Amino acid sequence: LVIFYFLGRFIANRIVRKLQEAKGDSLFPDMEALVYRFSVFGSLFVGFSVVLQFIFGVDFLQVVGFFGLGISLAFKDILSNVIAGAVIIIQNRIRIGDFIRVEKIMGKVLEIQSRVTILKSIDNAQILIPNSVVMNSNVINYTYHPSRRIDFSLVLGLEGDLEQAKKIILELVKAKDHILKKPLPMILTNIKNGHYHLKVLFWVDPQDKGKSWLVTRSELVQEVTTALKNAGIEIPYPTYTYVEREEHKPL
C-alpha cells in the first residue's frame, strides 16, 4: 500500500506537469488538488485490490466491478461535474475574468472549481453553475477576443442632411478614448417607413478597465442625440396611424 501511495503521487506529479505544459500556465489549486486525490486514491485502490487477491484470495475483477458500479451510481452527478471542470480548464476557452453568458445567465468568471463555475452578475450577485451545465449549454464569451463590436441605431427624417448627420456621428465616435481606432467605426444606412435608419458600429476592448463599454455606448448615444439636435437634424418620434372601422352587424 505504501508503494502504491507513492506511485499515485508520482503519477499525479506527471499529470500536473503535462497539464501545465498544455495549458501554458499553472493550474488552479482546486484542479491540482483534484488530480492528486484521484491519482493517489486510484493507486491505493489498485494496491488494496492486489492485497485482497494475493492475501485473501478475493477476485480482483469482482472487486473492481462492484466498486466501480457503486461509485458510478452514487457519485454520477459529482463525477460528471468534475470531468466537465477538467475539460473546461484544459481547453482554456473560458478564463478567469471573462464575461460570459450561459443560456440566460450572464456574469464575470470569478473561479472555476472542480464542480462549479462561479460568476459575478452585473448587479454583483454570485452565481454558481455546475460544470456539466456549462459544458452542455450554449456559452457566449464576450471577452475572449481583444475587441468587441458595439452598435446602436438612430432614425432620421428624410428631409434631413444625411451626409452631415453621418459626419457628426463619426466625429463623436472617433473622439472617444475608449473606442478602438482599428477596425474603423462605420455607419450603415437604410430607408424604411419613410425614414433613414442608421446603424452605428464601433469596436471596443472588452477588457478595458478604464470604462465599461455600456457606459461608453450610453454616453455616445446621448452626445450624438444632442449634437444632431443642435445641428437642426430631426430625430422623429414614432408615428402611428389610427384607423377606425364601423362594423355592420347582420340583421
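This is a predicted model: local features need pLDDT of at least 70, side-chain atom pairs count only at pLDDT 80 or more; totals for chains, interfaces and linings use all residues.
I started with the two helices, H6 and H7, and their crossing came out right-handed.

Next I looked up how they sit together. Two packed helices are described by the angle between their axes and the distance between the axes. Here H6 covers residues 162-175 and H7 covers residues 213-230; the angle is about 145° and the axes are 10 Å apart.

Which residues make the contact? From H6 I listed Ala-165, Ile-168, Ile-169, Leu-172 and Val-173. From H7 I wrote down Leu-220, Glu-223, Val-224, Ala-227 and Leu-228. Sorted by class, the contact of H6 with H7 has nine nonpolar residues, one charged and no polar.

Then I turned to the sheet. It is open, has three strands in the order E6-E8-E7, and the pairing is antiparallel.

E6 and E8 (residues 195-204) run antiparallel to each other over 10 bridges. Along that pair I found Ser-153 opposite Lys-199 in E8.

Last entry: how do the helices meet the sheet? H6 lies across E6, E7 and E8, and runs at about 20° to E8. H7 packs on the sheet too, touching E6 and E8, with its direction at about 20° to that of E6.

Definitions and conventions: Residues are numbered from 1 along each chain as its sequence is written. Side-chain values use heavy atoms; hydrogens and water are left out. Axes are lines fitted to C-alpha atoms, for helices over the stretch in contact, and angles run from 0 to 180 degrees between N-to-C directions. Helices (H or I, at least four residues) and strands (E, at least two) are DSSP runs, numbered from the N terminus. A crossing is left-handed if the near helix is turned anticlockwise from the far one by less than a right angle, and right-handed if clockwise. Contact means heavy atoms within 4.5 Å. Ala, Val, Leu, Ile, Met, Phe, Trp, Tyr, Cys and Pro count as nonpolar, Asp, Glu, Lys and Arg as charged, and the others, Gly among them, as polar. Two strands pair if DSSP finds at least two bridges between them.
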